[in-house]
Amino acid sequence: MTGPDGATGGRARVFSGMQPSGAVHLGNLLGALTSWVALQDEADCVYSVVDLHAITAPDEHDPALLQQRTLDLAAVLFGVGVDPARSTLFVQSHVREHAELAWLFNCVATFGELGRMPQFKEKAAGRDASVSVGLFDYPVLQTADILLYHATKVPVGEDQRHHIELARDIGQRFNHRFGDVFTLPTAILPPVAARVMDLQDPTRKMSKSSGTVKGVVHVLDDADTVAAKFRSAVTDSDGEVRIDRAGKPGVTNLLEILAAVSGRSVEAVADEHAGSGYGALKSAVAEAVVAFLAPMRARSLELAEDPAELQRLLAAGADRAREVAAPTLDRARAAMGLLPPA
Ligand code: AMP
Ligand code: TRP
């Protein structure tokens with residue numbers, strides 16, 4: 001980060017966040033984190049452990065666990081390759097500007113557009129009256145996260161596409177009504193594995209909170225556990241290895257995972273395995289995933305041993321984040337006509 005106004009010396013600004021709501025899995029890694037790490041070469045990256053988002057769903061929020069999960073997630077983010085020398089990584093609740101800008105945006109966002117968000121509809125299905133207002137408002141806080149840093153690129157998995165479009169809409173509406181304060185962001189999705197599916201139920205996405213026990217591969221799983229999960233992956237009964245997302249979701253998911261971890265196209269991977277049986281395909285995927293995860297797992301576990309160092313890195317990250325967030329918030333407050341404190 002180079003300037004307090006958010007100037008980045010010509011480099012694009014990137015922002016993304018991840019909730020400390022459970023162990024990081026292969027979907028998080030291939031859908032989002034691989035892009036987080038790669039973008040560091042070309043952009044000024046700001047990443048956040050979004051703890052305020054993790055308290056929006058009571059069934060996923062355990063106060064006794066949240067601090068530990070926050071540190072554990074930071075260890076994994078550094079462990080997979082977020083580089084504190086080049087990027088800013090901080091805990092969302094340490095930068096109070098996020099919550100305050102979310103309030104300002106609450107007065108710009110509409111009830112209708114939030115009610116249409118697919119993720120809200122899914123999570124609130126059948127229990128609208130008992131879900132928290134925070135869950136409903138979740139995408140507004142996410143909008144504040146992104147717009148505080150003038151981010152133009154937001155690396156996320158496919159399930160976040162609508163939230164990023166909403167952030168654009170809210171930013172545009174604010175600018176139109178109050179003057180040009182915010183930069184409008186675009187989602188960056190990976191070319192393959194933007195939606196990694198649960199190995200046991202390949203019609204559902206792999207998920208921190210609602211996945212099956214054997215269907216979710218964690219970044220911190222040891223080699224035997226990873227191999228066992230792939231061995232028991234659900235496929236289909238026609239025995240042919242080919243890409244067909246709708247008709248063969250299990251096999252297609254395995255091909256996408258293999259393509260992502262080996263840096264090849266899914267077509268190339270499918271061609272190579274066209275004559276194989278499912279057993280051989282599963283072994284090949286397991287082996288490639290274990291090799292891909294090994295160095296990340298080792299670094300993450302090592303970092304998790306030193307919570308004081310993690311806290312120091314996160315504090316430095318929050319200081320840097322605040323340098324950009326505070327002036328942006330001041331501009332938004334002024335644009336809306338709030339009296340500055342004397
Ligand atoms: P969350 O686990 O909801 O905090 O998600 C963190 C990031 O991982 C977001 O960018 C999501 O889009 C991405 N993500 C979560 N689950 C998956 C999945 N199954 N496949 C691909 N990306 C995912
Ligand atoms: N909603 C995102 C998720 O669950 C996490 C998130 C919060 C985020 N704020 C963000 C992602 C800002 C990108 C940008 O995955």
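**Figure 1. The largest pocket holds about 970 Å³ of space.** This is a predicted model, in which local features need pLDDT of at least 70 and side-chain atom pairs count only at pLDDT 80 or more, while totals for chains, interfaces and linings use all residues. Residues are numbered from 1 along each chain as its sequence is written, chains are lettered from A and ligands numbered from 1 in the order in which they are written, and side-chain values use heavy atoms, with hydrogens and water left out. A pocket is an open set of points on a 1 Å grid over the protein atoms alone, with protein on both sides within 12 Å along at least five of seven lines. Lining residues have an atom within 4 Å of a point. Grid points are joined across faces, edges and corners, and a volume is the space filled by probe spheres set on the points. The largest pocket is lined by 48 residues. Closest to its centre are Gln 19, Gln 119, Asp 159, Gln 160 and Lys 205. Two or more lining residues come from each of β1, α1, α6, α7 and β4 (153-155). These elements are DSSP runs numbered from the N terminus: helices (H or I) have at least four residues, strands (E) at least two. By class, the lining has 18 nonpolar, 18 polar and 12 charged residues. Here Ala, Val, Leu, Ile, Met, Phe, Trp, Tyr, Cys and Pro count as nonpolar, Asp, Glu, Lys and Arg as charged, and the others, Gly among them, as polar.

**Figure 2. Ligand 1 takes up space in the largest pocket.** A molecule sits in a pocket if more than half of its atoms lie within 2 Å of the pocket's grid points. Around ligand 1 there are 17 residues, each with a heavy atom within 4 Å of the ligand. Gly 157, Asp 159, Val 196, Met 206 and Lys 208 come nearest. Helix α1 (residues 26-39) gives the largest share of this shell, four residues. The shell has six nonpolar, seven polar and four charged residues.

**Figure 3. Asn 28, Asp 159 and Val 196 meet ligand 1 through polar atoms.** A polar contact is a pair of N or O atoms within 3.5 Å. Within protein, one atom must be able to donate a hydrogen and the other to accept it, and residues adjacent in sequence count only if both atoms are side-chain atoms. A polar side-chain atom of Asp 159 lies 2.4 Å from an oxygen atom of ligand 1. For Asn 28, a polar side-chain atom is 3.0 Å from an oxygen atom of the ligand. Val 196 uses its backbone: an N or O atom there lies 2.8 Å from a nitrogen atom of ligand 1. Taken alone, ligand 1 exposes 480 Å², and the protein buries 93% of that. Accessible areas come from the Shrake-Rupley method with a 1.4 Å probe; for residues, only the protein chains shown count as cover.

Figure 4. Alone, ligand 2 exposes 360 Å², of which the protein buries 91%.

Figure 5. The most come from α1, with five residues. The lining divides into 10 nonpolar, three polar and one charged.

**Figure 6. The whole structure has two cavities of 30 Å³ or more.** A cavity is a set of grid points where a 1.4 Å probe fits but cannot get out. The largest cavity has a volume of about 80 Å³. Among its lining residues are Met 117, Phe 120, Tyr 138 and His 163. Here α6 (118-124) and α7 are the elements that give two or more residues. The second largest cavity has a volume of about 30 Å³. Its lining has three nonpolar, two polar and three charged residues, including Glu 60, Asp 62 and Arg 69.
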